[in-house]
Amino acid sequence: MACSATDLAPLLSATVNSTEAATYLCSQFTGISNQLSDTTYAVNNTYLLFSAYLVFAMQLGFAMLCAGSVRAKNTMNIMLTNVLDAAAGGISYYLFGYAFAFGAPSNGFIGRHFFGLNDFPSPDGDYSLFLFQWAFAIAAAGITSGSIAERTQFVAYLIYSSFLTGFVYPVVSHWFWSGDGWGNPAKTSNHLLFGSGAIDFAGSGVVHMVGGIAGLWGALIEGPRIGRFDHNGRSVALRGHSASLVVLGTFMLWFGWYGFNPGSFQMILKSYGGDKAYYGQWTAVGRTAVTTTLAGSTAALTTLFGKRLLSGHWNVIDVCNGLLGGFAAITAGCSVVEPWAAIVCGFVAAWVLIGCNALANKLHYDDPLEAAQLHGGCGMWGLLFTGLFAKETYVNEAYPNKPGRPYGLFMGGGGKLLAAQIIEILVIIGWVSATMGPLFYGLHKLKLLRISSEDEMAGMDMTRHGGFAYAYQDDDDASGKPSIMMKKVDNHANETTPDRKSQAIGV
Amino acid sequence: MACNASDLAPLLSATVNLTEAATYLCSQFSDTAYAVNNTYLLFSAYLVFAMQLGFAMLCAGSVRAKNTMNIMLTNVLDAAAGGLSYYLFGYAFAFGSPSNGFIGRHFFGLREFPTFKADYSYFLYQWAFAIAAAGITSGSIAERTQFVAYLIYSSFLTGFVYPVVSHWFWSADGWASPVKSNNKLLFGSGAIDFAGSGVVHMVGGIAGLWGAFIEGPRIGRFDRSGRSVVLRGHSASLVVLGSFLLWFGWYGFNPGSFLTILQSYGDSRRDYYGQWSAVGRTAVTTTLAGSTAALTTLFGKRLLVGHWNVVDVCNGLLGGFAAITAGCSVVEPWAAIICGFIASWVLIGCNKLAEKLKYDDPLEAAQLHGGCGTWGLLFTGLFAKEAYVNEVYPNRAGRPYGLFMGGGWNLLAAQMIQILVITGWVTITMGPLFYGLHKLKLLRISSGDEMAGIDLTRHGGFAYAYHDEDDQSGNPSSMMRKVDPANENKSHPNSPPISV
């Protein structure tokens, strides 16, 4: 909004000192214009920061989900991996992860600016964007830890997690989310993949498939937990120790998803033009929160009734997993589909998860959190779903300034978007397999991946983490009151053989 | 933003009154600024409140199962009792203005509120801080303190001791505040404690230190040979839950302390850079300090004790946050990494010292909040960057800043004064209070009650009941019989403990 005094002066009458008046008037308008600009930055940064905090809350949710889904004797281990995800990810993403992902200007494969947040902030991104992207990066690493829970050495965990958060994941996010990325629908140069780019708005592929496929390789290479499949090949459920923690974690993930999906717009103060002044990006943000909600809800209900038919009872843990599968699926297209389409997404996601679980059972694949099935399988469905149901107007709102874009096949938009989605699926599977597969295999060959079978039977908490997570009775309580008895084992540094004869008592 | 032509037209008379016209137009924007800033501050306040939940879970998981109801009740009451006392007089002592340098004397019961300077969002935000300080102290004296003593010290701390300290360093009248409205800043600087390493964490930690010191260690914590016995908490899951919630809430605690987000820093070459950038940078320094402290503690404890311990890592994480709280807005991200690294060793060192001195603190609260809070104030005096200090505390050119950044000694000197003054004030207020309670036999519970557990003896029963009394199935499962205090004298001391 520029104001020129020389333009304005002739318009004022001769009796007024028009030059001075015009100068003064223009300076006031300039002040107003600056205020508008500042307001926009403040509003958008507030929006993005609070969205980042919500995405961070998903770490907490995933930690509780993981804790509740494993046996009590391994709880300390899995929670430590979740805390460290966030902490180690903070350092590695600050030092180089963000640079690989969003360094600009760069090439289509990987970024090369902003190492250690050098030359930051820029007009393209402020600290709020860094924090938001960090929260996403640690989410991806957390997913993988679920697949290899209960039987993986802590050192292996540290190694794969740094590699995933610091390199594998940032490169994928560069391809589909950076202004230079070859697969990005918002690519600044004009050679979009198939004239479209792959639409993965908040990361069904970039986050969920990456985490899930990495987990798949880890769990495949190290094999199932002891006792998971018996000699006849029958599947034995190794139940988690706390459904309350599973539900707590699931709800926290739902809560945080309101930062994950709508927050991916990154700014909220933006008009879409047109004659409806009340309709702008804030509307699209809200609509995205609604599609997210509907997909998860539908998936949860479908799973509830589906499992009732299949196994005969109403199971809250299955429903929670179904819910999360619905969210993982809608994540790709949450901003570009109608609410009714989100219901379709969730419905199908529930069956995709049930199907993937049945397949995993058949193949004797053991994943304590169903992470590869949920994040890998439902994430993949989410990308395909977007290629089918993306609506033309919404696509052009989310990815403006390039008219004539392809959109969803079932909405009349042709096959190009779907083709780009399929490319994204294949490329992610290929890249993650080519990086994480050899890493896990190498760790396996160096005997650094899986723990010994004695340690697995006793539980990793006792053998490696200083003791059990739960101590419901004091050792010294001689009152004789009936209570849970779990004997504390002190794993001193000089103790080479833990006391295997003490009665390790689980809850 | 409505623009009303009939309001504007009279201002455009033949003798064009441009000042009024422009003022009218510009005033349309101030509404937006108030709305944006209040939204920002309110949601930050809600996040800080979430830290109460986090601390409640951390406390619950860190104590033995038989005392869980007690510690959680203290946390709930912190928030509730603090709501009333802070409304009635705490806020007035802290931020009543205009007042003297020691204590405030306006806004009792939020009279004559809001003002030009502060709205209800500010009150709520400060309340959330006040109850955080009181919560810290409860950790030091957990598992052996009478509930009545708890009520008394908590009201006194939230209603008087803490507000006075916050007045000194955060109020525009405070004698040590860097934003003091008259021009006599302490050492020409004022002490920089942006979100309260001293005001909140040291106050809570030192109060806890006196309470725990006066009432002595828990039974069994140090045996006759003087060896330290670990009295482990009953649930690592709750410890992790609590720590993550505290981390989440810290994003309100630190960046929220800017109080407003819509503020330009006047750099015309970079119009995208303003207070919103500093707010984001503060969230980043917070994250980096905590992350570094967590990692350092992980590897440090692995070296020292031979295994990877999630509870220790959580405590290290929180120590990093407590330390960065003072300087989060005025240091570079790389400096925050240093802060977290050192905070981790400060905590490990303070814990070793506590053990040597046979000081028992169930939540390591004095070591973590007192020790790491102290380090955080010193850290700020060393690493505060000139440009950031002047952004956060504007309109006073030539301020001192961090010693290692070339800013001289004045800031560091002011930080040391803050440390000494807080230590002294909290000692002379809370020390005698705890001692008096002790002398009146109102402080510590009896040893019989301590062995049985406070939940059983004073709070109506255990927190956990994993097995129904009427379940005759004999299925192996966790068995914890609910004990009814009404029938307590009929309990069966000879029944065998049943294990799974």
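Chain A has 15 helices and zero strands, where helices (H or I, at least four residues) and strands (E, at least two) are DSSP runs numbered from the N terminus. This is a predicted model, so to speak of local features takes pLDDT of at least 70, side-chain atom pairs count only at pLDDT 80 or more, and totals for chains, interfaces and linings use all residues. Residues are numbered from 1 along each chain as its sequence is written, chains are lettered from A and ligands numbered from 1 in the order in which they are written, and side-chain values use heavy atoms, with hydrogens and water left out.

**Chain A overall**
- Of the 507 residues in chain A, 61% are buried; buried means under 20% relative accessible area, exposed over 50%, and partly exposed in between (1.4 Å probe, protein chains only).
- Take the contacts in chain A between residues at least 6 apart in sequence: 72% of them join residues at least 24 apart, with contact meaning heavy atoms within 4.5 Å.

**H11 and its partners in chain A**
- Helix H11 (residues 371-389) of chain A meets helix H13 (residues 416-445) of chain A with axes that come within 7 Å and cross at roughly 165°. Axes are lines fitted to C-alpha atoms, for helices over the stretch in contact, and angles run from 0 to 180 degrees between N-to-C directions.
- That angle makes H11(A) roughly antiparallel to H13(A); angles under 35 degrees count as roughly parallel, over 145 as roughly antiparallel, 65 to 115 as roughly perpendicular and the rest as oblique.
- H11(A) crosses H13(A) in a right-handed way: a crossing is right-handed if the near helix is turned clockwise from the far one by less than a right angle, and left-handed if anticlockwise.
- On the H11(A) side the contact includes Met380(A), Leu383(A) and Leu384(A), and on the H13(A) side Ile422(A), Ile425(A) and Ile429(A) are among the residues involved.
- By class, this H11(A)–H13(A) contact has nine nonpolar, three polar and one charged residues. Ala, Val, Leu, Ile, Met, Phe, Trp, Tyr, Cys and Pro count as nonpolar, Asp, Glu, Lys and Arg as charged, and the others, Gly among them, as polar.
- H11(A) also packs on helix H10 (residues 339-362) of chain A, at an angle of about 145° and with the axes 9 Å apart.
- The crossing of H10(A) and H11(A) is right-handed, and its contact splits into 16 nonpolar, three polar and no charged residues.

**H8 in both chains**
- Helix H8 (residues 281-311) of chain A has 31 residues and reaches 44 Å from first C-alpha to last, close to the 45 Å expected at 1.5 Å a residue; the expected span is 1.5 Å times one less than the number of residues.
- Next comes Gly312(A), which follows H8(A) with a positive phi near 95°.

**Loops worth a look**
- Ala104(A) and Pro105(A) are joined by a cis peptide bond, omega about -5°, and Pro105(A) is in the loop between helix H3 (75-102) and helix H4 (127-147) of chain A.
- The Phe113(B) to Pro114(B) peptide bond is cis too, with omega near 0°, and Pro114(B) is in the loop between H3 and H4 of chain B.
- Asp119(B) touches Asn38(B), Phe113(B) and Pro114(B), leaving out residues up to four places away in sequence; Asp119(B) is partly exposed at 29% relative accessibility.
- Glu150(A) has a positive phi near 75° and is buried, at 2% relative accessible area.
- Lys441(B) has a positive phi near 55°, but counts as exposed at 69% relative accessibility.
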